[in-house]
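Here's a quick tour for anyone opening this entry for the first time. Take a look at the chain, then follow the notes below.

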Amino acid sequence: MYRLLSFSLGRDLLRAVGRRCWVCRAHVLPVRVGGRAPEVAVPPSRVAQQGRVSGLLPLLAALAWFSRPAGAEEEKERPGAAAQGAADEAEAEIILLLKRAKLSIMKDEPEEAELILHDALRLAYQSDNKKAITYTYDLMANLAFIRGQLENAEKLFKAAMSYLLGGGMQQEDNAIIEISLKLASIYAAQNRHEFALAGYEFCISTLEEKIEREKEIAEDILSVDEKANTHLLLGMCLDAYARYLLLSKYPSRAQSMYEKALRISEEILGETHPQTIVLMSDLATSLDAQGHLDEACFYVQRASDLARQTEHPELHMVLSNLAAILMHRERYAQAKEIYQEALKQAELKRDEVSIQHIREELAELSRKSRPLT
């Protein structure tokens with residue numbers, strides 16, 4: 001009867017992973033990266049699409065990451081002028097290719113993006129640019145995921161993680177957690193439940209322990225923003241795990257995760273932030289699934305009020321959830337009114353999936369409210 005929202009604002013997220021605008025900015029790639037990646041089956045160019053996974057995890061790290069610090073130690077390790085010039089030229093070409101690939105992804109041209117990324121990876125290997133190799137693997141993995149190529153996405157994410165860990169990055173680093181979260185989402189999509197559960201729980205427990213240790217660290221050592229980023233990443237993990245638990249028919253456990261995620265979102269992003277509003281609605285969904293209709297109605301009503309006030313981009317979905325909960329409470333007239341408002345909003349957004357869903361819900365509502373004869 002209800003739908004979990006799939007909000008994205010500015011930064012697209014995998015629907016299976018938490019799918020909305022948790023605005024954490026993890027440091028994805030270290031200054032030094034080493035180690036060998038496992039063998040990866042890179043898909044052939046311009047392969048036919050295998051079906052899409054809705055949404056996209058953040059394409060992490062800015063291209064500015066490639067600028068190198070001019071430290072004295074690094075200067076000693078630099079090759080001669082001619083070799084350095086060739087390396088700089090190759091790096092500039094890689095950056096250009098990655099920009100083109102990201103533009104192709106934004107233009108919904110995944111096959112073109114895949115071709116460009118293959119070129120970037122080939123050049124990165126030829127120039128032995130390990131940072132570029134790692135970053136390109138990450139982009140290729142995200143692209144494979146959104147194209148539904150889950151097995152290849154898993155191999156590519158593991159390749160990126162191998163380079164990061166081989167270069168000395170710790171398992172608790174936010175970049176490792178983000179990749180682990182992506183892998184957990186892949187396992188969830190493949191119904192590999194033991195792996196999915198282990199992945200989500202690893203991400204959450206590792207971040208909770210990390211946050212506890214960082215509480216007493218002075219701001220001149222670890223900034224407020226860096227601490228906030230780790231909290232936001234925890235919120236994204238809790239949100240993703242809650243969605244997985246709810247879809248797996250564990251609404252009580254999902255409720256607990258949503259409550260924690262909502263507290264983080266309210267504290268750091270604020271009550272009127274789009275992410276917070278979506279979490280309120282999803283928390284209501286978990287309560288509704290347990291039959292806690294009064295509590296569910298409280299949260300979804302608050303979410304819909306805030307969504308209207310802020311012109312939320314997924315107002316129609318919040319309203320649809322509100323209407324579903326009202327229908328469960330047998331408040332049919334009010335539910336019909338809200339569904340009709342949601343339908344108008346969905347039509348304005350040209351969201352065909354939501355339009356179809358709301359129409360089906362209205363038909364169900366009509367059957368439920370029909371007087372017995």
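Let's start in helix 5, where Leu150, Asn152, Ala153, Glu154, Leu156, Phe157, Ala159, Ala160, Met161, Tyr163 and Leu164 are buried. Keep in mind that you're looking at a predicted model.

**Helix 5 and its surroundings**

- Helix 5 covers residues 150-166, which makes 17 residues.
- From first C-alpha to last, helix 5 reaches 24 Å, close to the 24 Å expected at 1.5 Å a residue.
- What covers those buried residues? The cover for helix 5 includes helix 3 (110-126), helix 4 (130-146) and helix 6 (174-189).
- A handy rule when you look along any of these: an α-helix has 3.6 residues a turn, so residues three or four places apart point the same way.
- Just after helix 5 comes Gly168, with a positive phi of about 100°.

**The nonpolar core**

- Phe157, one of the buried residues of helix 5, also turns up in the largest nonpolar core, which has 98 residues.
- Which members of that core touch the most others? They are Tyr137, Phe157, Tyr200, Cys237 and Tyr339.
- Take Cys237 as an example: leaving aside neighbours within four places in sequence, Cys237 is in contact with Ile177, Leu181, Cys203, Ile204 and Leu207.

**Two loop residues to look up**

- Asn191 sits in the loop between helix 6 and helix 7 (193-214).
- Phi of Asn191 is positive, near 60°, and Asn191 is not a glycine.
- Is Asn191 buried or exposed? Asn191 is exposed, because its relative accessible area of 55% is over the 50% cut-off.
- Lys249 belongs to the loop between helix 8 (224-247) and helix 9 (251-268).
- Lys249 isn't a glycine either, yet Lys249 has a positive phi of about 70°.
- With a relative accessible area of 68%, Lys249 counts as exposed.

**The whole protein**

- The protein has 373 residues, and 52% of them count as buried.
- Its accessible surface comes to about 17800 Å², with 51% of that belonging to carbon and sulfur atoms.
- Looking at contacts between residues at least 6 apart in sequence, 68% join residues at least 24 apart.

Conventions. Residues are numbered from 1 along each chain as its sequence is written. This is a predicted model: local features need pLDDT of at least 70, side-chain atom pairs count only at pLDDT 80 or more; totals for chains, interfaces and linings use all residues. Side-chain values use heavy atoms; hydrogens and water are left out. Buried means under 20% relative accessible area, exposed over 50%, partly exposed in between (1.4 Å probe, protein chains only). Contact means heavy atoms within 4.5 Å. Accessible areas come from the Shrake-Rupley method with a 1.4 Å probe; for residues, only the protein chains shown count as cover. A nonpolar core is a set of buried Ala, Val, Leu, Ile, Met, Phe, Trp, Tyr and Cys residues joined through side-chain atoms within 4.5 Å. Helices (H or I, at least four residues) and strands (E, at least two) are DSSP runs, numbered from the N terminus. The expected span of a helix is 1.5 Å times one less than its number of residues.
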